[in-house]
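Subject: The model for you to look at

Hi there,

Here is the structure I promised to pass on. Please open it beside this message while you read.

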Amino acid sequence: TRSRTCYNAQGAVVQCGPGTTSMKITLAMDGSRTGPEFSGAVHRARTDSISGLGQGSTSRVHNGRGSSNDTTSFTRDSTTRKFAESSTDSIVNLTFNLPRTSNPWPASGQIIRNVNATITITGRINQTRTISRRVVVTFPADAQGNVSIQVGTMTCSLNLVTHRVTNCTGG
């Protein structure tokens, strides 16, 4: 389910359309899928706000929070792999200059993801692994499209064009 609430420059709720200067979007998603060797379930919730929607705006600012709890299970050749992941996400003052066609990447802000996962393998091998990571992407990008990405204590460069991660230090 998705809902949106639109606001005018004075902060009053208005019908979405002309006169809208900001918006709050709420999303909830719950579902499952099964197949011969697979099952999975997703549970996600997000709340995002966007400002700078009014006519004549020169930038848009995104802020938001989200969470997820997903599980998947694969069984093949007498081995079962189960994945359980939970995460929290934050978008902090992610600012896009307008028009977007000539400003494809954010001019400032951060995207933060905290992930906790457990992987359990049973059958031919019995093994459990737990993963906990905090990932922070900080904008702006340089002229070549590189941004800083921090995974735990390791800092790298992420290229937004090629999606390659290079120049990692720490960790």
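Below is what I found, from the overall fold down to a few residues.

First, some ground rules. This is a predicted model, so to speak of local features a pLDDT of at least 70 is needed and side-chain atom pairs count only at pLDDT 80 or more, while totals for chains, interfaces and linings use all residues. Residues are numbered from 1 along each chain as its sequence is written, and side-chain values use heavy atoms, with hydrogens and water left out.

**Overall picture**

The protein has zero helices and 11 strands (DSSP runs numbered from the N terminus, with at least four residues of H or I for a helix and at least two of E for a strand). Its radius of gyration is 20 Å, whereas a compact globule of 171 residues would be near 16 Å (taken over C-alpha atoms; the globule rule is 2.2 Å times the number of residues to the power 0.38). Along the principal axes, the C-alpha atoms fill a box of roughly 65 × 40 × 25 Å. Of the 171 residues, 26% are buried (under 20% relative accessible area; exposed is over 50% and partly exposed lies in between, with a 1.4 Å probe and protein chains only).

Because phenylalanine 38 sits in strand E4 (residues 38–51) and phenylalanine 74 in strand E5 (residues 59–76), the pair ties together parts 36 residues apart in sequence. Phenylalanine 74 also pairs with phenylalanine 83: here the centres are 6.0 Å apart and the planes at 80°, so the pair is edge-to-face. Phenylalanine 38 is partly exposed at 29% relative accessibility, phenylalanine 74 is partly exposed at 29%, and phenylalanine 83 is partly exposed at 28%.

**A loop leucine**

Where is leucine 98? The loop between strand E6 (79–97) and strand E7 (108–122) holds leucine 98, which is partly exposed at 23% relative accessibility. Leaving aside neighbours within four places in sequence, leucine 98 is in contact with Gly52, Ser57, Thr58, Ser59, Arg60 and Asn103 (contact means heavy atoms within 4.5 Å).

Best wishes

How values were computed: Rings of Phe, Tyr and Trp (its six-membered ring) pair if their centres lie within 6.5 Å; planes under 30 degrees apart count as stacked, over 60 as edge-to-face and the rest as tilted.
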